[in-house]
Amino acid sequence: MLQQLQERYRQYDEEANLVRKKASPADGLFGFGNDPKNHPCHEMFYEDIGRWTKAFLASAPNPEQSYAAARFLITAPVECSSKESYWMMYAAQGWCRELVCRLDAEGCGKLRDVFDDLYPKRDRMPVQQELYKALKRGTGKR
């Protein structure tokens, strides 16, 4: 299932880039035109990741599989090829909170460290703050 997730991220990254390339330079300027940021592909991606997460959890993944999926969700935004897909991938990290209950304390600790390395505390949005707290709780530390 992890390959399906990785493929969906790859497709979305390409699609978001294509939407931006097809847009005229003035699209979205001063709130006019067809702003590429408002293209339906972004919301469809987010919803698709939610469906994937629910299907993944229904498959009763073990802690190792859950760790791999959560690590991918956390690292994907910084590994994407463009800024066009970064913010929605960043928002999709919220789905990672659903996986924390499937992780062991060691996995939560490793992911918390990865998170600290990639996303400075001052730059985290509420979704990332909640995810970080869930990972911290998963390590058994308060």
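Predicted model: local features only at pLDDT ≥ 70, side-chain atom pairs only at ≥ 80, totals over all residues.
Visitor: Which helix of the protein chain has the highest mean pLDDT?
Guide: Across the protein chain, pLDDT averages 88, and 87% of the residues score at least 70. Among its elements, helix α1 (residues 2–22) has the lowest mean, 88. The highest mean, 96, belongs to helix α5 (residues 105–118).

Visitor: How are α1 and α2 oriented, roughly parallel or roughly antiparallel?
Guide: Helix α2 spans residues 40–58, and its axis lies 10 Å from that of α1. The two helices pack at an angle of about 175°. Because angles over 145 degrees count as such, α1 and α2 are roughly antiparallel.

Visitor: How many nonpolar residues does the contact of α1 with α2 have?
Guide: On the α1 side, the residues include Leu2, Leu5, Tyr9, Tyr12 and Val19. These belong to a contact with α2 residues, among them Met44, Phe45, Ile49 and Trp52. By class, the contact has 3 charged and 2 polar residues, and the nonpolar residues number 11.

Visitor: What percentage of the residues in the protein chain is buried?
Guide: The protein chain exposes about 8,400 Å², of which carbon and sulfur atoms supply 53%. A residue counts as buried under 20% relative accessible area. Of the 142 residues in the protein chain, the buried share is 42%.

Key. Residues numbered from 1 in each chain as written. Heavy atoms only, no water. pLDDT = per-residue confidence, 0-100. Helix = DSSP H or I, 4+ residues; strand = E, 2+ residues; numbered from the N terminus. Buried < 20%, exposed > 50% of the residue type's maximum accessible area, 1.4 Å probe, protein only. Areas by Shrake-Rupley, 256 points an atom, 1.4 Å probe, with all protein chains shown as cover. Axes fitted to C-alpha atoms, helices over the stretch in contact; angles between N-to-C directions. Parallel < 35°, antiparallel > 145°, perpendicular 65-115°, else oblique. Contact = heavy atoms within 4.5 Å. Nonpolar A, V, L, I, M, F, W, Y, C, P; charged D, E, K, R; others polar.
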